[in-house]
Structure formats: C-alpha cells, structure tokens
Amino acid sequence: MEIRIDNLTGTEIITLISEHLQSMFEQSPQESVHALNLDKLKTPEITFWSAWEQGELLGCGALKDLGSHHGEIKSMRTSTKHLRKGIASKMLAHIIKEAKQQGYRRLSLETGSTEGFEAARKLYEQYGFEYCSPFADYIEDPYSVFMTKEL
C-alpha cells in the first residue's frame with residue numbers, strides 16, 4: 001500500500017469524497033455534519049492523503065492545522081470495497097507520524113456518536129485518543145463526539 005499526498009482532482013478520489021459526504025448526511029442531521037467538501041479540503045491548512053494499491057484507491061485521510069501545534073484529523077474514509085482490511089488503521093498511523101514530524105503536539109477529531117460510527121470510535125481509542133470537550137469552533141452536539149491525543 002502506498003500513501004501519498006493527493007491534490008483531490010482524480011476521478012477516484014472525487015467519487016470517494018462524494019460517497020463520504022453522502023454517508024455522513026445519511027447518518028446525521030445536516031447541521032451535525034462536519035465533513036468537508038472538495039473545495040474546503042483544498043485549503044492551505046489541510047494536507048490530504050490517499051492510499052493506493054496496484055492503481056486502486058483504498059482510502060483517504062487529512063490533517064487540518066488548527067494553529068498552536070494542534071491538528072485535526074479529517075476525512076478518514078475507506079473505500080467500501082476495502083473495509084475491514086486495516087486501511088483506516090494504516091492511514092491513521094501515517095497521519096499521526098506525519099503530525100509528529102511536523103511538530104504537532106496534539107491531534108483532535110470529531111466523529112459521529114451513533115452506531116454507524118462505532119468502528120471509527122474504536123479505532124481512535126486503539127490509537128490512544130480520549131474523549132474530550134468540543135475544540136476549535138465545534139459546539140456540543142448529540143450527534144458528535146470529540147476525541148484528542150497528546151503526541
């Protein structure tokens with residue numbers, strides 16, 4: 001598996017981000033969806049990676065710079081065809097490694113609170129993320145949980 005920085009212009013990644021957004025809106029009310037669209041993922045404070053194997057897109061993830069050595073994990077998604085193969089775990093490990101190399105001291109994230117997000121929450125827990133209060137511009141929301149990890 002190769003993880004590389006992605007410019008978000010390829011057909012495969014555009015389709016995966018579209019599927020990601022659709023899934024988020026199916027699982028949460030509109031006001032509780034914090035997933036970013038392509039334009040917002042292309043901003044300078046976000047580094048976006050995609051994972052590939054033999055020319056096939058496996059998944060993606062992003063790191064948003066919040067300032068003060070604090071980063072936010074965004075857009076973690078595994079292609080439906082490749083679920084339960086460890087793709088998300090490898091992507092998360094990559095993002096954590098990159099964040100450390102870039103001098104981040106803390107990583108945080110927002111994910112869903114409903115059953116559909118249980119696997120994501122368990123993954124983050126396995127990597128040492130702990131539940132916390134809302135950070136950055138987030139507010140309390142029954143459809144969101146917030147997690148953080150000191151690096």
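What is the phi of G128, the residue that follows helix 4? The phi of G128 is positive, near 90 degrees.

1. Basis. This is a predicted model: local features need pLDDT of at least 70, side-chain atom pairs count only at pLDDT 80 or more, and totals for chains, interfaces and linings use all residues. Residues are numbered from 1 along each chain as its sequence is written, and side-chain values use heavy atoms, with hydrogens and water left out.

2. An open sheet is formed by 7 strands, in the order 1-2-3-4-5-7-6, with mixed pairing. Strands are DSSP runs of E, at least two residues; helices are runs of H or I, at least four; both are numbered from the N terminus. Two strands pair if DSSP finds at least two bridges between them. Strand 1 (2–5) and strand 6 stand at the edges with a single partner strand each, so one side of each has no neighbour in the sheet. The twist averages 30 degrees from one strand to the next.

3. Strands 2 and 3. Strand 2 (46–53) and strand 3 (56–67) pair in the antiparallel sense over 8 bridges. A51 has G59 of strand 3 as its bridge partner.

4. Helix 4. R121, L123 and Y124 are buried in helix 4 (118–126). Buried means under 20% relative accessible area (1.4 Å probe, protein chains only). These residues cover an arc of only 160 degrees around the axis, which puts them on the same side of helix 4. The arc is taken from the directions from the helix axis to the C-beta atoms. The buried residues pack against strand 4 (70–78), helix 3 (87–101), strand 5 (106–112), strand 6 (130–132) and strand 7 (144–150); contact means heavy atoms within 4.5 Å.

Technical notes:
Buried means under 20% relative accessible area, exposed over 50%, partly exposed in between (1.4 Å probe, protein chains only). Axes are lines fitted to C-alpha atoms, for helices over the stretch in contact, and angles run from 0 to 180 degrees between N-to-C directions.
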